[in-house]
Amino acid sequence: MKLLITAGPTREPIDPVRYLTNRSSGKMGYALVEAALEAGHEVVLVSGPVNLTAPKAATTVQVETAVEMYEAVAREIGSCDTAIFCAAVADYRVDGIEASKIKKTEDELILKLIKNPDILGSARSEFGFSGVLVGFAAETDDVLAHAQEKMERKGCDLLVANDVSRRDIGFDREENEVTLLFRSGESQVLSLASKKRIGREILQVVENLRDQRKP
Ligand code: PMT
């Protein structure tokens, strides 16, 4: 397989010294990259800013904003047969980034946020991607219902649901526990384990999906 994997957060600048972001460390996405390389696959990693070293064996594209991630994915996805979207992409960016540092005044500061492109949601429609498409969903409530809705809306073959209301798993933790949702309506829980192990287990499922597609 040749996989495209997105990982980490995006950073949306407010001015030259401030930005909006989220708590993603990149650990889950990088664990998937390692699992794919171990299994002998080719990997294109599109990574937001993280404190992790990208494996040399992967082709890595470093990005900062959601728009940059969108552009990198648009460029790379056509050469891949499988895509896993693990990145925590900011849904909104600041409208009108200030060129100079915003000064504190007596007034409140109001930021206008505008929508970022939905990268995973563009895979089928805009990028014309017909390979195995895997999305993640980071949810704090009604986890499976929201994840199911995302899987259908974004045209995924597999959706990895992550309950990020839990303190022991998810964002910036060493371990994870996820539920896999399949298009058939079936689901499978991958019980609490290191992200490395969860990455390997997800990859095996993705390999099976890929094999089922082979003529
Ligand atoms: O990085 P870690 O600290 O290891 O944490 C791992 C994780 C919690 C970030 C990871 O397991 C996870 O759940 N990733 C998805 C995070 C997320 O932003 O989910 P979402 O429900 O907001 O987005 C749904 C899907 O659409 C995701 O596949 C996301 O990559 C994609 N998306 C979202 C918004 C957007 N503008 N473009 C996208 O492609």
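## Basis

The model is predicted: local features need pLDDT of at least 70, side-chain atom pairs count only at pLDDT 80 or more, and totals for chains, interfaces and linings use all residues. Residues are numbered from 1 along each chain as its sequence is written, and side-chain values use heavy atoms, with hydrogens and water left out.

## Ligand shell

The ligand is surrounded by 26 residues, counted when a heavy atom lies within 4 Å of it. Ser25, Ala87, Lys150, Asn162 and Asp172 are the closest. By class, the shell holds 13 nonpolar, six polar and seven charged residues. Ala, Val, Leu, Ile, Met, Phe, Trp, Tyr, Cys and Pro count as nonpolar; Asp, Glu, Lys and Arg count as charged; the others, Gly among them, count as polar.

## Polar contacts and burial

A polar contact here is a pair of N or O atoms within 3.5 Å. A polar backbone atom of Ile119 is 3.0 Å from a ligand nitrogen. Phe136 places a backbone N or O atom 3.0 Å from a ligand oxygen. Lys154 has a polar side-chain atom 3.0 Å from an oxygen atom of the ligand.

Alone, the ligand exposes 770 Å², and the protein buries 96% of that (Shrake-Rupley method, 1.4 Å probe).

## Pocket

The ligand sits in the largest pocket, with more than half of its atoms within 2 Å of the grid points. A pocket is an open set of points on a 1 Å grid over the protein atoms alone, with protein on both sides within 12 Å along at least five of seven lines; lining residues have an atom within 4 Å of a point.

Helix 1 (27-38), helix 3 (119-125), strand 9 (132-139) and helix 4 (143-154) each give two or more residues to the ligand shell. Strand 9 gives the most, with four residues. Helices (H or I, at least four residues) and strands (E, at least two) are DSSP runs.

The largest pocket contains about 940 Å³ of space, the volume filled by probe spheres set on the points. Its lining has 40 residues; Ala87, Ala88, Val89, Asp91 and Ala138 lie nearest the centre.

Terms used
A polar contact is a pair of N or O atoms within 3.5 Å; within protein, one must be able to donate a hydrogen and the other to accept it, and residues adjacent in sequence count only if both atoms are side-chain atoms. On a 1 Å grid over the protein atoms alone, a cavity is a set of points where a 1.4 Å probe fits but cannot get out, and a pocket is an open set with protein on both sides within 12 Å along at least five of seven lines; lining residues have an atom within 4 Å of a point.
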